[in-house]
Amino acid sequence: MKIDSGYMSLNKLNLNLSQPIFLVRHGQSEYNVDERLGGDPGLTERGKGFSKRLGNWISQHFEDPKEALHVWTSTMKRAIQTAEPVTCNVVKRWRELEEISVGICDGLTYEEVERHFPEEFQSRQQDKLRYRYPQGESYEDVIGRLEPIVQGLEEQPAPTLVVGHQAVLRCLYGRLCSVPPEDIPHIEIPSQTVIKLTLVKDELIEEHFTI
C-alpha cells in the first residue's frame, strides 16, 4: 500500500469539518473497460477485487468501523457495489452523488462523441466547466447539486467514506478544498486510491492511500 501525504493551509478551507472525510472512486465498471460514458453498469471482476481491498483497508484503518464509520454512496450500481464489503455503522445513498449526466452521449465513448457530435465535442474542449451535455449536465450543475452533501459533511458526527465517481468527486473535492472553479474539471482523482481529508488545528491534512 502506497501512502503519500500533502498539506493545505486553513485559509484554503471554507468549511468546519469536525470529522475526517474519505473520498474514493468506485471500482472498475463494465463501461470503464470500453471507456464509455454514463450508464449504470455493475463492477467487473477487477472492480469487485478493489471493493474487497477497500473493505479490508477500512477494517485495518478503524479499530471498530461498525461503530465509527458512516458510508455515503451514489444510487448507482458501481458505487453501491464498491461499498458493499465495507464494514460501517450507517450507509446512506444520495442521488446528489450520482455521476455527471451526459445526456444524449450516454453509452458512447469520447471517440464516438467526436464522430457523431463534433460541435459538442469541441464546445466541451473549449470550456469544460460550463459545457452542458444536451439533455445532461455541466460541471457547474454538479457543483450546485452537491451543496446538500457539503452541508451534510459539516454536520457529520462520525468519519465518513464517500464512494463516488470521477466528475462528482472532482466537484466535491474542489468545493471542500476551495479549488478555483475553472480548475475543478481538471483535478486528478486517482482510481484505487483513498483520499483522506482531516482538519487539525490550523491546517487541512490530505493523505492519499493507494490500495
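# Core, helix and salt bridges in a predicted model

Modeller: Within the largest nonpolar core, which has 30 residues, Leu23, Leu172 and Tyr173 touch the most other members. This is a predicted model, in which local features need pLDDT of at least 70 and side-chain atom pairs count only at pLDDT 80 or more, while totals for chains, interfaces and linings use all residues. Residues are numbered from 1 along each chain as its sequence is written, and side-chain values use heavy atoms, with hydrogens and water left out.

Biologist: What makes a set of residues a nonpolar core, and which elements supply at least two residues of this one?

Modeller: A nonpolar core is a set of buried Ala, Val, Leu, Ile, Met, Phe, Trp, Tyr and Cys residues joined through side-chain atoms within 4.5 Å. At least two residues each come from β2 (21–25), α7 (139–145), α8 (147–155), α9 and β6 (193–200), and the largest share, seven residues, is that of α9. A second, separate core of 18 residues includes Phe22, Ala79, Val86 and Leu161. The helices (H or I, at least four residues) and strands (E, at least two) are DSSP runs, numbered from the N terminus.

Biologist: Why is helix α9 called largely enclosed by the rest of the structure?

Modeller: Buried means under 20% relative accessible area, exposed means over 50%, and partly exposed lies in between, with a 1.4 Å probe and protein chains only. Nine of the eleven residues of α9 (residues 166–176) are buried, and therefore the helix is largely enclosed; among them are Arg170, Cys171 and Gly174. Just after α9, Ser178 takes a positive phi of about 55 degrees.

Biologist: How do you know whether Thr109 and Glu111 are buried or exposed?

Modeller: Thr109, found in the loop between β4 (90–94) and α5, has 12% relative accessibility and so counts as buried. Glu111, whose place is in helix α5 (residues 110–116), has a relative accessible area of 63% and is therefore exposed. Glu111 also belongs to a negative surface patch, together with Asp34, Glu35 and Glu114.

Biologist: What makes a contact a salt bridge, and how many are there by this rule?

Modeller: A salt bridge is a side-chain nitrogen of Lys or Arg within 4 Å of a carboxyl oxygen of Asp or Glu, and by this rule the count comes to nine. Arg130 and Asp127 form a salt bridge, their closest N and O atoms being 3.5 Å apart. Arg132 and Asp141 form another salt bridge, with 2.7 Å between the closest N and O atoms.

Biologist: Which residue forms a salt bridge with Glu182, and why is Glu182 called partly exposed?

Modeller: Glu182 forms a salt bridge with Arg130, the closest N and O atoms being 2.6 Å apart. This pair links distant parts of the chain, 52 residues apart, since Glu182 is in the loop between α9 and β6 and Arg130 in the loop between α6 (118–126) and α7. Glu182 has a relative accessible area of 42% and is therefore partly exposed; Arg130, with 41%, is partly exposed, and Asp127, with 25%, is partly exposed too.

Biologist: Which residues are linked with Arg130 in a network of salt bridges?

Modeller: Arg130 is linked with Asp127, Glu140 and Glu182 in that network.

Methods: Patch = residues over 30% accessible without salt bridge, like charges linked within 9 Å, V, L, I, M, F, W, Y side chains within 5 Å. Areas by Shrake-Rupley, 256 points an atom, 1.4 Å probe, with all protein chains shown as cover. Lys, Arg positive; Asp, Glu negative; His and termini not counted. Charge placed at Lys NZ, Arg CZ, Asp CG, Glu CD.
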